[in-house]
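Visitor: I'd like to learn how to read a protein model by eye. Could you walk me through this one?

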Amino acid sequence: METKTPLLQTVLKWPLPQVRAWLDGLSIGEPVGGENFNWDGFAFTAAARAREERSVPWAHIALLVYGVLAGRSAGGDTHSIMLSAMSLRAWMIRELGAQEGDAVLEPEVIFDWFQELASIPIEEAARIVSLQDWSLIPTALLLRLRYIKSALNTLVLISETGLVQKHPELNDWFQLRSRLP
């Protein structure tokens, strides 16, 4: 009896142009050829390959898939997927340098993501984390603060790209970061 190689393993062995052509004919996140496909695993592996090979094209593929998956997910899954995408971006920027306007190496994309998450004014965030009894803070608010911290942890990786000079308000957030949940 012949064993069938899973499609994910097969696709990841293809050269980059073949992977791109294959993706062009698909709806990311949907079954492939009538069978379920591990899109999360594909995005993760493409991101790992981008890091290993220091490859912007592989990062672009991973970010494309992460973006579609995040748009299809809800709540915490969306944040987790976007955190993976932004962590990849930050790693690529730190390793290869920031490039304004580049689909992968543009630091403003990460800053914009942070801005979406930082829907709480910094003064309010500082007041909340200074409370003695965090058990009185609603869980949803603690989660929002945690999302802000995860975005700050990603931003700090690229803080030397001139992003902080362009957005000095980040300095106050960076100082608050260690106190966030």
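Guide: Start with the inventory: the protein has 10 helices and zero strands, where helices (H or I, at least four residues) and strands (E, at least two) are DSSP runs numbered from the N terminus. Read along the sequence, that gives the pattern α-α-α-α-α-α-α-α-α-α. Bear in mind that this is a predicted model, where local features need pLDDT of at least 70, side-chain atom pairs count only at pLDDT 80 or more, and totals for chains, interfaces and linings use all residues. Residues are numbered from 1 along each chain as its sequence is written, and side-chain values use heavy atoms, with hydrogens and water left out.

Visitor: What are the spans of the C-alpha trace along the principal axes? And what percentage of the residues is buried?

Guide: The C-alpha trace spans about 65 × 35 × 25 Å. Of the 181 residues, 41% are buried; the cut-offs are under 20% relative accessible area for buried, over 50% for exposed, and partly exposed in between (1.4 Å probe, protein chains only). The protein exposes about 10000 Å², with 52% of that supplied by carbon and sulfur atoms. Those areas come from the Shrake-Rupley method with a 1.4 Å probe, and for residues only the protein chains shown count as cover.

Visitor: How do I read contacts along the chain?

Guide: Contact means heavy atoms within 4.5 Å. Among contacts here between residues at least 6 apart in sequence, 63% join residues at least 24 apart.

Visitor: Is Thr154 buried or exposed?

Guide: Thr154, found in helix H8, counts as buried because its relative accessibility is 3%. Leaving out residues up to four places away in sequence, Thr154 touches Leu83, Met86, Ser87, Ala90, Ile110 and Trp113.

Visitor: How do H5 and H6 cross?

Guide: Their axes come within 10 Å and cross at roughly 150°. On the H5 side the contact uses His79, Met82, Leu83, Met86, Arg89, Ala90 and Ile93, and on the H6 side Val109, Ile110, Trp113 and Leu117. Sorted by class, the contact has nine nonpolar, one polar and one charged residues.

Visitor: Where does His79 lie?

Guide: His79 sits in helix H5 (residues 76–96). His79 counts as buried because its relative accessibility is 11%. Beyond its neighbours within four places in sequence, His79 contacts Trp113, Leu117, Tyr147 and Ser150.

Visitor: What about loops? Which residues does Val32 touch?

Guide: Val32 lies in the loop between helix H2 (16–24) and H3 and is buried, at 11% relative accessibility. Not counting residues up to four places away in sequence, Val32 touches Leu7, Trp22, Leu26, Phe37 and Trp39. Phe37 is found in the loop between H2 and H3, and is buried at 11% relative accessibility. Phe37 and Pro6 are 31 residues apart in sequence, and their C-alpha atoms are 9.1 Å apart in space.

Visitor: And backbone angles? What is the phi of Arg54?

Guide: Most residues other than glycine have a negative phi. Arg54 is not a glycine, yet has a positive phi of about 50°. Look for Arg54 in the loop between helix H3 (39–53) and helix H4 (56–72); Arg54 is partly exposed, with a relative accessible area of 41%.

Conventions:
Axes fitted to C-alpha atoms, helices over the stretch in contact; angles between N-to-C directions. Nonpolar A, V, L, I, M, F, W, Y, C, P; charged D, E, K, R; others polar.
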